[in-house]
Amino acid sequence: MTTLRLARDLPADPARVWRCLTEADLLKRWFAPAPWTTPDVRIDPTPGGIFQVTMRSPDGTDMPMPPGCILLADPCTRLVWTSALQTGFVPAPPPAEGGFVFTADVRLTPQDGGTHYEVTLSHARAEDAEAHAAMGFDQGWGTAAEQLGALATGL
């Protein structure tokens, strides 16, 4: 298996969730599962645009992710980015030892005044998906999704 999936029903409408996905100041507030934070975000939600985040551990260690590339930005519906490419669809260098590349496909579907949020992470190799899962994908991305829902609801 090379994919990981997470789905949540969020109380906010897709337009508010979209803002939280695509506006750097809002993305910083929910993207890392607490007590982790996201002190730096660069995003240009257009095809070929940048997607880059830095996560900060509770002890203050920064973990900058290599710059990725937005593949698709369909407002209020779907956002796709990959770490396999850099801005402008330029191939990314190979990841550092122990790293892996993935593509994130986020889909937003209106549902009962809220949003059905579904994210699929695709990896090239099964061992990469397994490593991502072992890092705590379900718990980490699940916590972040709850944070996203709370933030979007408050907008």
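Predicted model: local features only at pLDDT ≥ 70, side-chain atom pairs only at ≥ 80, totals over all residues.
## The nonpolar core

The largest nonpolar core of the model holds 37 residues, and those with the most contacts inside it are L21, W30, W81 and Y117. Helix 4, which covers residues 137–153, gives the largest share of this core, with seven residues.

W81 illustrates how such a residue is surrounded. Leaving aside residues up to four places away in sequence, W81 touches F31, F51, C69, I70, L71, F102, T103, A104, V106 and W141. W30, another of the residues with the most contacts inside the core, has a relative accessible area of 2% and is therefore buried, since the cut-off is under 20%.

The length of helix 4 can be checked against its residue count: at 1.5 Å a residue, its 17 residues should span 24 Å, and the end C-alpha atoms are 24 Å apart, so the two values agree. The buried residues of the helix are F137, G140, W141, G142, A144, A145, Q147, L148, G149, L151 and A152. In an α-helix there are 3.6 residues a turn, so residues three or four places apart point the same way.

The buried residues of helix 4 pack against both helices and strands, namely helix 1 (14–22), helix 2 (24–27) and helix 3 (126–134), together with strand 1 (3–10), strand 6 (78–82) and strand 10 (114–123). Q147, a polar member of the buried set, is placed in helix 4 and counts as buried because its relative accessible area is 18%, where the limit is under 20%. Apart from residues up to four places away in sequence, Q147 touches W30, A32, P33 and A34.

## Aromatic pairs and the aromatic cluster

Across the whole structure, a search finds six aromatic pairs. One of them is formed by W30 and F31, whose ring centres lie 5.5 Å apart with planes at 70 degrees, so the pair is edge-to-face. F31 counts as buried, because its relative accessibility is 9%. For F100 and F102, the ring centres are 6.4 Å apart and the planes stand at 50 degrees, so this pair is tilted; both F100 and F102 are buried.

One aromatic cluster is formed by W30, F31, F51, W81, F137 and W141.

Strand 2 (residues 37–43) and strand 3 (residues 50–56) run antiparallel and are joined by five bridges. The bridge partner of I43 in strand 3 is F51, a residue that also belongs to the aromatic cluster. Six residues lie between the strands of this hairpin, and there G48 takes a positive phi near 90 degrees.

## T115 in strand 10

T115 lies in strand 10 and counts as buried because its relative accessibility is 1%. The side chain of T115 reaches the backbone oxygen of A12 at a distance of 2.7 Å.

## Backbone exceptions

Most residues other than glycine have a negative phi, and most peptide bonds are trans. Against this background, A34 and P35 are joined by a cis peptide bond, with omega about 15 degrees. P35 is placed in the loop between helix 2 and strand 2 and is exposed, because its relative accessible area of 60% is over 50%. Although P35 and S57 are 22 residues apart along the chain, their C-alpha atoms are separated by 7.5 Å.

F89, in the loop between strand 7 (85–86) and strand 8 (90–91), has a phi near 65 degrees and counts as partly exposed because its relative accessibility is 42%. D112, in the loop between strand 9 (102–111) and strand 10, has a positive phi of about 45 degrees and counts as exposed because its relative accessibility is 82%.

Methods. Residues numbered from 1 in each chain as written. Heavy atoms only, no water. Core = buried A, V, L, I, M, F, W, Y, C linked by side-chain atoms within 4.5 Å. Buried < 20%, exposed > 50% of the residue type's maximum accessible area, 1.4 Å probe, protein only. Helix = DSSP H or I, 4+ residues; strand = E, 2+ residues; numbered from the N terminus. Contact = heavy atoms within 4.5 Å. Expected span 1.5 Å × (residues − 1). Pairing = 2+ DSSP bridges. Polar contact = N/O pair within 3.5 Å; in protein donor to acceptor, adjacent residues only side chain to side chain. Phe/Tyr/Trp six-rings, centres within 6.5 Å; stacked < 30°, edge-to-face > 60°.
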